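Let's take a friendly walk through the aromatic side chains of this protein.

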Amino acid sequence: MASHKFKFGRKTRGFNMGIPHLSAVRFKLAQPAISFPPSQDFTPGASDFGMMLNNELGDCTCAAYYHARQVWTFNSAGAMQTEPDPDVETLYEAVGGYDPNAPLSPDGSNPTDQGANEQNVLHYLLTVGAPIGPTGVARDKILAFIEVDPRNENDLKATIYEFGLAYIGFVVPQSWTNNPPPAVWDKIPGDGSSKEGHAVILTGYDAAGYDVISWGAKYKMTSAFLQAYVDEVYAIADNAWMEATGKTPLGLTAAQLQELMKSL
């Protein structure tokens, strides 16, 4: 984990052949490429999204989901819904094995704070659901998740436009391990990859790149950064988003999206 207040925590990506892939689904359905406008922003005017404990824990994979829920509710309910930090921690305990009561290591760190795998997080959100509400008793399930090729930026932009956002994972640049991330995430010549990983959501795009939500704030990610460091991207189908926007990603209904998930 990084020593500064910006924690990471995404484990190395997994490879599960049961997860549907956007290009394969579109091919099977004989659909053309999804059209999208030249720019999009699903969080206009919003700026404070909350740290979601990602300054204390390597729970970025969980924080990114709760940031996603903020975006969906912002657009579907007319007001951003932010779940309390204990809900974020509860999800991290379930998907990452984090134990807040574990004996600390000699350096004062919690040995169970080891991050989580994005696919495991998404599978849990699909089958069990994220804890929400003041007590965390209620559960919010996603309808489906579909893998997207990060090298295909047309598909990435279409994902953001159709699903409201993209849930992504990347290898952290070496320079970030000792310094806070800059406002604009760009590929710097000579800046290699570290052993750290991070999960965030992309909530918009334009000619300059992509809008990122992480550590409670908005950043900008260039195409060069994406191509250099991002190695996994997922489209997540949220029922409230679909009902409110009238969008049917890939032309599929909620029931058809759930059918895609049966192999998992």
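What follows is a short tour of ring pairs, and then of charges placed over rings.

Keep in mind that this is a predicted model. Searching the whole structure gives 20 aromatic pairs. Where do the two residues sit? Phe170 belongs to strand 5 (residues 166–173) and Trp185 to strand 6 (residues 184–185), so their contact ties together parts that are 15 residues apart in sequence. Phe170 has a relative accessible area of 0% and is buried; Trp185, also at 0%, counts as buried too.

Now stay on Trp185 and look to its other partner here, Phe225: this pair is tilted as well, with 5.8 Å from centre to centre and 45° between the planes. Here the link runs from strand 6 to Phe225 in helix 6 (residues 223–229), and the two residues are 40 apart in the chain. Phe225 is buried, with 0% relative accessible area.

Stepping back, Phe170, Trp185 and Phe225 are among the members of one aromatic cluster, which also includes Phe6, Phe8, Trp176, Trp215, Tyr219 and Tyr229.

Finally, turn to the charges. The charged end of Arg13 sits over the ring of Phe15, at 4.1 Å from the ring centre. Over the ring of Tyr161 you will find the charged end of Lys247, 3.6 Å from the centre.

Technical notes
Residues are numbered from 1 along each chain as its sequence is written. This is a predicted model: local features need pLDDT of at least 70, side-chain atom pairs count only at pLDDT 80 or more; totals for chains, interfaces and linings use all residues. Side-chain values use heavy atoms; hydrogens and water are left out. Rings of Phe, Tyr and Trp (its six-membered ring) pair if their centres lie within 6.5 Å; planes under 30 degrees apart count as stacked, over 60 as edge-to-face and the rest as tilted. Helices (H or I, at least four residues) and strands (E, at least two) are DSSP runs, numbered from the N terminus. Buried means under 20% relative accessible area, exposed over 50%, partly exposed in between (1.4 Å probe, protein chains only). A charge sits over a ring if NZ of Lys or CZ of Arg is within 6 Å of the ring centre and within 35 degrees of the ring normal.
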